[in-house]
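Me: I would like to learn how to read the features of this fold. Please give me the general idea each time, then the case at hand.

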Amino acid sequence: MTFRAVLFDLDGTLLDTLRDIADTANAALARLGFPPHEVEAYKLFVGEGEGLLARRVLPPERRTDENAGKLLSLMHEDYPKRWLDNTHIYSGVPEMLDSLAGRGVGMAILSNKSQEFARSMVSRLLERWDFACVVGASASIPNKPDPTGAKLIADKMKIRPGEFVYLGDSAVDMKAAVGAAMNPVGALWGYRNADELLGGGAEHLISHPSQLLDLAR
């Protein structure tokens, strides 16, 4: 495989954000009188935007617009205070990014996390690297798996979609890659498993960030 650019997912691919998301959501659930979830359970709750996250963590019989709205409001209050408590770069990611930069490979990020937090996390935790675009969830761009964001990034970088690898950890990412005509690669160190990634259209699976470079050899 040859590629000129890599489009990355953020949560579960470059950064492990799960504990801080879980702690934020569980604190909000407790304030509303609902039971919390184990951190591991959040691997299946995250990935498709905060609106779906709020609904998924609520008890099935209490998944109303009102409850989801209240929960999101509380999470918006709390997450800015705790998102750096445990969030960290995955082992091997710095070396991967250094190698890509050294080869002149273009890099960008597309996340279903809000634009505000996606950019804040990149500026604080990934500031060493030059990303051509950092695109998070906003009213103007549909969330993944819609491929609109990926296509816009390719246009902005003036690189054909077929010359991109899209690296992500969920079927949502793989479907966005397929829809944008990019090369979908699944990250097995993230939040979802191989079956989901392959079902979403992954053409390659890698178990460590260093293996991304192997695909170009």
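Reply: Start with handedness: a crossing is left-handed if the near helix is turned anticlockwise from the far one by less than a right angle, and right-handed if clockwise. Helices (H or I, at least four residues) and strands (E, at least two) are DSSP runs, numbered from the N terminus. The model is predicted, so local features need pLDDT of at least 70 and side-chain atom pairs count only at pLDDT 80 or more, while totals for chains, interfaces and linings use all residues. Residues are numbered from 1 along each chain as its sequence is written, and side-chain values use heavy atoms, with hydrogens and water left out.

Me: In which sense does H1 pass H3, right-handed or left-handed?

Reply: H1 passes H3 in a right-handed crossing.

Me: At what angle do the axes of H1 and H3 cross?

Reply: Axes are lines fitted to C-alpha atoms, for helices over the stretch in contact, and angles run from 0 to 180 degrees between N-to-C directions. Helix H1 (residues 18-31) and helix H3 (residues 65-82) have axes that come within 9 Å and cross at roughly 135 degrees. That makes H1 oblique to H3; angles under 35 degrees count as roughly parallel, over 145 as roughly antiparallel, 65 to 115 as roughly perpendicular and the rest as oblique.

Me: Which residues of H1 meet H3?

Reply: Contact means heavy atoms within 4.5 Å. On the H1 side the residues include Asp 20, Ile 21, Thr 24, Ala 28 and Arg 31, and on the H3 side they include Leu 71, Met 75, Asp 78, Tyr 79 and Arg 82. By class, this contact of H1 with H3 has nine nonpolar, one polar and six charged residues. Here Ala, Val, Leu, Ile, Met, Phe, Trp, Tyr, Cys and Pro count as nonpolar, Asp, Glu, Lys and Arg as charged, and the others, Gly among them, as polar.

Me: Is Thr 24 buried or exposed?

Reply: Buried means under 20% relative accessible area, exposed over 50%, and partly exposed in between (1.4 Å probe, protein chains only). Thr 24, found in helix H1, counts as buried because its relative accessibility is 1%. Leaving aside neighbours within four places in sequence, Thr 24 is in contact with Met 75, Asp 78, Tyr 79 and Arg 82.

Me: How do H2 and H3 cross?

Reply: The axes of helix H2 (residues 50-57) and H3 come within 9 Å, crossing at roughly 115 degrees. H2 and H3 are therefore roughly perpendicular to each other. Their crossing is right-handed. Among the residues that meet are Leu 53, Ala 54 and Val 57 in H2, with Ala 68, Leu 72 and His 76 in H3. By class, the contact of H2 with H3 has seven nonpolar, two polar and three charged residues.

Me: What is the order of the strands in the open sheet?

Reply: Strands of a sheet pair through backbone hydrogen bonds, either parallel or antiparallel. Two strands pair if DSSP finds at least two bridges between them. The open sheet has six strands in the order S5-S4-S1-S6-S7-S8, with parallel pairing. Its edge strands, S5 (134-137) and S8 (204-206), each pair on one side only. Neighbouring strands of this sheet are turned by 20 degrees against each other on average, direction ignored.

Me: Which strands pair with S4?

Reply: Strand S4 (residues 106-114) pairs with S5 in the parallel sense over three bridges, and Ser 114 has Ala 137 in S5 as its bridge partner. Strand S1 (residues 5-8) and S4 also pair in the parallel sense, over four bridges; there the partner of Ala 5 is Gly 106 in S4. Eight of the nine residues of S4 are buried, so S4 is largely enclosed by the rest of the structure.

Me: Which helix lies across S4 and S5?

Reply: Helix H5 (residues 115-125) does, running at about 135 degrees to S4. Helix H7 (residues 171-179) lies across S4, S6 (164-168) and S7 (183-187), at about 165 degrees to S6.

Me: What is the phi of Lys 158?

Reply: Lys 158 has a positive phi of about 55 degrees although it is not a glycine. Lys 158 sits in the loop between H6 and S6 and is exposed, with a relative accessible area of 70%. Ala 181, also not a glycine, has a positive phi of about 65 degrees. The loop between H7 and S7 holds Ala 181, which is partly exposed at 48% relative accessible area.

Me: Which residues does the cis peptide bond join?

Reply: The cis bond joins Lys 144 and Pro 145, with omega about 20 degrees. Pro 145 lies in the loop between S5 and helix H6 (148-157).
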